[in-house]
Structure formats: structure tokens, C-alpha cells
Amino acid sequence: MPIEVERKFVPREGETERKLAELGAVPLGSARLQDQYYDTEDSRLTASDLWLRRRDGAWELKSPVGSPHGAGASTTQYRESVSEPEIVSLILQALGRGATADPGPSQLEHLLQGEGGGPCLAPFASIMTHRDSYHLPGPAGGARVTIDRTDFGHRVAEIEVMVGTEAEVPRAQAQIQEIAAKLGIEETDSQIGKLNVYLQKFRPRHFQRLCEAGVL
Ligand code: V4E
């Protein structure tokens, strides 16, 4: 399971792209992403800092790495699972349920429907994003920078480095801070994520629950 280390910041119209070009970033093109986030009715996954989504039809789960971190940290790190059996086993663990003998692909559909006596998982947020992506060459495969604009008007950019193990996280954090300095990003340019803003705007009770749980 790869670990995504990232720092979010406020993009400056035109200027961020100009600085990226100066640093030798390679444009990777634009894409439209459709994300649907899922949870139990009482928010048990997100309250455990687990983020289950269907992105353009494919399931993904982000789970925290290392000690818990809140929105105040300048970089965050999450494991990204795309294998359905792995996703099922992490969800069962978070729901305090025993592992199934064979957590195959159809098991995720069963979980969503609450089969086997567990709670149902239903969508609580739907976000459409326009994304411009860049590759910044550098050590250990370089970094990816994305500039996002959502269908509800939130703009956020990210510097992201993927690593294979927890031991590599500090190196990735240092690499991100170096890139941020070269892009002229200050601490005050930190930005909150799309889902944080979505919850604040459209699901205030869910947002408050996560603030109280120390997740956001
Ligand atoms: C809310 C949240 C997560 C779900 C959304 O992840 P995010 O990286 O914002 O989405 P996106 O579309 O950029 O994903 P990508 O395309 O890079 O895979 S994952 C973790 N959280 C909680 C969280 C937090 N605790 N602190 C901060 C600064 N952001 C998010």
C-alpha cells in the first residue's frame, strides 16, 4: 500500500503555473474527477480518519499513517488502498467486526448493504473536481503538483510525494517543504481540503462531529 505525503496550499491564478514552469514541471494535462464519499450513518469511518470513496467508479480508501494528525499539520500522510479485499478488511477492523474468511470484491458490495448484521455504508458527499496536474522531476521519482477547482467553487493545490514505507515519510516531507519554498509558498498559504469545505458547507453536523473527534 503506497503512502501519500502531501501539503495543500492556495493556488495563485497564473503565478503558481508560472513558477511550476520555471522549476521545470511537466504538465500532465487536465481531468475531471467525480468522487463520492461513503460512511455509516453515525460517521464511524470518518471519525476514525478513514476515507472511503468511489472515484470515477473505482473504490479507494485513505487511512492514516503514524500518529494522528489534524488540519493544523502542514503535511499529511495517508495510506492509499485500491484493492477491494484490503479495503474490506480495513473497514471491518474499523467497525470492530471480525475478518471474513474470503474478503473478495463482492464482499465490499455486501458491506455497503449492511449484510451480515453490520451498519450500511451510504454516500455522504459528492464532489466534482477539475484538476490540472504537473510532474516535478526530482529525487526518488519526483513529486506531483495538482491544482483543483470544485463544482462548489473551492480552489486548492497540492504538492504530493508517494513513498512505499513509513521510514521514507520524513524524507518526503523534507522534499515537499523544499518544493514549497521554491514555489514561494508560506505557512499562511495553507489551504483546507475539498471534503473539509464540503462538509462545513453542506453537512455541518458531520463536520462538527469530526472536529469534536479531532479528525478535522
Ligand atoms: C478529508 C480527508 C481526506 C479525504 C480527501 O482527501 P484529499 O487529499 O483532500 O482529496 P484529493 O481529491 O486531493 O485526493 P487525491 O486525488 O490527492 O488522492 S483524506 C484525509 N482527510 C482529513 C484531512 C486532514 N485531517 N487534514 C488535512 C489538511 N486534510 C485532510
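Analyst: The answer begins with the ligand, then turns to a pocket, and ends with several individual residues.

The model is predicted, so local features are reported only at pLDDT of at least 70 and side-chain atom pairs only at pLDDT 80 or more, whereas totals for chains, interfaces and linings use all residues. Residues are numbered from 1 along each chain as its sequence is written, and side-chain values use heavy atoms, with hydrogens and water left out.

The ligand has 21 residues around it, and the nearest are Arg55, Lys62, Arg131, Glu158 and Lys194. Here a residue is near a molecule if one of its heavy atoms lies within 4 Å of it. By type, this shell consists of 7 nonpolar, 3 polar and 11 charged residues. In this grouping Asp, Glu, Lys and Arg are charged; Ala, Val, Leu, Ile, Met, Phe, Trp, Tyr, Cys and Pro are nonpolar; the others, Gly among them, are polar.

Several elements contribute to the shell. At least two residues each come from strand 1 (3-9), strand 3 (51-55), strand 5 (76-81), strand 8 (155-163) and helix 6 (194-202). Helices (H or I, at least four residues) and strands (E, at least two) are DSSP runs, numbered from the N terminus.

Which distances separate the ligand from N or O atoms in the side chains of Arg55 and Arg131? In the side chain of Arg55, an N or O atom lies 2.8 Å from a ligand oxygen. For the side chain of Arg131, the distance from an N or O atom to a ligand oxygen is also 2.8 Å. The side chain of Trp51 has an N or O atom 3.5 Å from a nitrogen of the ligand. Taken alone, the ligand exposes 650 Å², of which the protein buries 96%; such areas come from the Shrake-Rupley method with a 1.4 Å probe.

Lys62, one of the nearest residues to the ligand, is also joined to Glu4 by a polar contact of 2.9 Å between their side chains. A polar contact is a pair of N or O atoms within 3.5 Å; within protein, one must be able to donate a hydrogen and the other to accept it, and residues adjacent in sequence count only if both atoms are side-chain atoms. Glu4 lies in strand 1 and is buried, with a relative accessible area of 4%. Buried means under 20% relative accessible area, exposed over 50%, and partly exposed in between (1.4 Å probe, protein chains only). Strand 1 also holds Arg7, which counts as buried because its relative accessibility is 3%.

Asp49, in the loop between helix 2 (44-47) and strand 3, has a positive phi of about 65 degrees although it is not a glycine. Asp49 is also buried, at a relative accessible area of 7%. Asp56 belongs to the loop between strand 3 and strand 4 (58-64); its phi is positive too, at about 50 degrees, and it is not a glycine.

The next topic is the second largest pocket. Its volume is about 250 Å³. Among its 14 lining residues, Thr40, Glu41, Phe124, Arg203 and His206 are closest to its centre. Strand 6 (122-136) and helix 7 (204-212) each give two or more residues to the lining, and helix 7 gives the most, with 4. The lining divides into 6 nonpolar, 3 polar and 5 charged residues. On a 1 Å grid over the protein atoms alone, a pocket is an open set of points where a 1.4 Å probe fits, with protein on both sides within 12 Å along at least five of seven lines; lining residues have an atom within 4 Å of a point. A volume is the space filled by probe spheres set on the points, which are joined across faces, edges and corners.

Both of these elements contain a buried residue. Leu210, in helix 7, is buried because its relative accessibility is 0%, and its C-alpha atom is 14 Å from that of Phe124, 86 residues apart along the chain. Leu136 is placed in strand 6 and is buried at 5% relative accessibility.

The C-alpha atom of Val88 is 9.9 Å from that of His110, 22 residues apart along the chain. His110, in helix 4 (residues 105-112), is partly exposed because its relative accessible area is 31%.
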